[in-house]
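Thanks for coming, everyone. Please have the sequence and the structure open while I talk, and stop me whenever you like.

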Amino acid sequence: PIPGISPEDRAFLEEFGKRISMTAATAAVVGGLSFYGMSRALGYQRRVLWTSLGATVCPLAAWYAVVVKEKDRVQALGQKLQAGMAPPGDREMPMSSALSGEEAVARLFPPPPTAGMAASSPMPPRGMMGGLA
């Protein structure tokens with residue numbers, strides 16, 4: 001659940017997502033088939049290329065049409081969601097904020113597990129087949 005979103009807005013977002021998905025899927029199928037038919041009728045040799053182009057460009061155009069149709073409501077919801085989010089500076093940091101820079105980097109990037117074993121072992125590393133390299 002996202003705080004700051006009314007049930008009406010949530011229902012709109014779910015319906016909007018379904019509409020975009022169905023429109024894009026339909027446009028992909030129709031675009032691919034129509035571009036294939038066009039390439040076949042015109043005698044082009046690269047039918048798969050034209051089919052792929054139709055199945056890619058048509059959903060993008062359909063997605064754009066759906067988004068532009070609901071542009072005002074989507075922008076209003078986006079602004080509402082951004083206003084509801086707390087800025088990063090207001091979040092409480094755990095006690096790890098007292099770490100120095102070097103300690104923080106050491107916690108983020110610990111040494112590899114074999115680093116300690118390799119330093120203590122006088123044997124050279126073995127090759128892929130188990131023999132000495």
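Let me begin with a term: a residue is called buried at under 20% relative accessible area, exposed at over 50%, and partly exposed in between, using a 1.4 Å probe and protein chains only. With that cut-off, buried residues make up 12% of the 133 residues in the protein.

A word on where this comes from. This is a predicted model, so local features need pLDDT of at least 70 and side-chain atom pairs count only at pLDDT 80 or more, while totals for chains, interfaces and linings use all residues. Residues are numbered from 1 along each chain as its sequence is written, and side-chain values use heavy atoms, with hydrogens and water left out.

Now the overall layout. The protein has five helices and zero strands, and along the sequence the pattern reads α-α-α-α-α. Helices here are DSSP runs of H or I with at least four residues, strands are runs of E with at least two, and both are numbered from the N terminus. Contact means heavy atoms within 4.5 Å. Of the contacts in the protein with a separation of 6 or more, 55% are between residues 24 or more positions apart. The accessible surface comes to about 10800 Å², and 67% of that belongs to carbon and sulfur atoms. Those areas come from the Shrake-Rupley method with a 1.4 Å probe, and for residues only the protein chains shown count as cover.

Let's go inside. Which residues make up the largest nonpolar core? They are Phe12, Phe16, Ile20, Val66 and Leu77, five residues in all. Helix H1, residues 7-42, gives the largest share of this core, with three residues. By nonpolar core I mean a set of buried Ala, Val, Leu, Ile, Met, Phe, Trp, Tyr and Cys residues joined through side-chain atoms within 4.5 Å. As general background, nonpolar side chains in soluble globular proteins tend to be buried together. Take Ile20 as an example: leaving aside residues up to four places away in sequence, Ile20 touches Trp63, Val66 and Val67.

Rings of Phe, Tyr and Trp (for Trp, the six-membered ring) pair if their centres lie within 6.5 Å; planes under 30 degrees apart count as stacked, over 60 as edge-to-face, and the rest as tilted. That rule gives two aromatic pairs. One is Phe12 with Phe16, a stacked pair at 5.6 Å centre to centre with 20° between the planes. Both lie in helix H1, four residues apart, about one turn of the helix. Phe12 is buried because its relative accessibility is 7%, and Phe16 is buried as well, at 9%.

The other pair is Tyr44 with Trp50, whose ring centres are 5.4 Å apart with planes at 20°, so this pair is stacked too. Here Tyr44 is partly exposed at 35%, and Trp50 is partly exposed at 28%. Tyr44 sits in the loop between H1 and helix H2, residues 47-69. Together with Met38 and Leu42, Tyr44 also makes a nonpolar surface patch of about 270 Å². Patches are made of residues with over 30% relative accessible area and no salt bridge; like charges are joined within 9 Å, and nonpolar side chains (Val, Leu, Ile, Met, Phe, Trp, Tyr) within 5 Å.

On to the charges. How many salt bridges are there? The count comes to four, where a salt bridge is a side-chain nitrogen of Lys or Arg within 4 Å of a carboxyl oxygen of Asp or Glu.

Start with Asp9, which forms a salt bridge with Arg73, the closest N and O atoms being 3.4 Å apart. Asp9 lies in helix H1 and Arg73 in helix H3, residues 71-84, so the pair ties together parts that are 64 residues apart in sequence. Is Asp9 buried or exposed? Asp9 is buried, at 9% relative accessible area, whereas Arg73 is partly exposed at 35%. Not counting residues up to four places away in sequence, Asp9 touches Arg73, Leu77 and Lys80.

Then there is Arg19. Its side chain meets Glu15 in a salt bridge at 2.7 Å, N to O, and these two are about one helical turn apart in helix H1. Arg19 is partly exposed at 22%, and Glu15 is partly exposed at 37%. Arg19 also forms a salt bridge with Glu70, at 3.4 Å, N to O. That pair links distant parts of the chain, with Glu70 in the loop between H2 and H3 and Arg19 in helix H1, 51 residues apart.

Finally, salt bridges that share partners join Asp9, Arg73 and Lys80 into one network.
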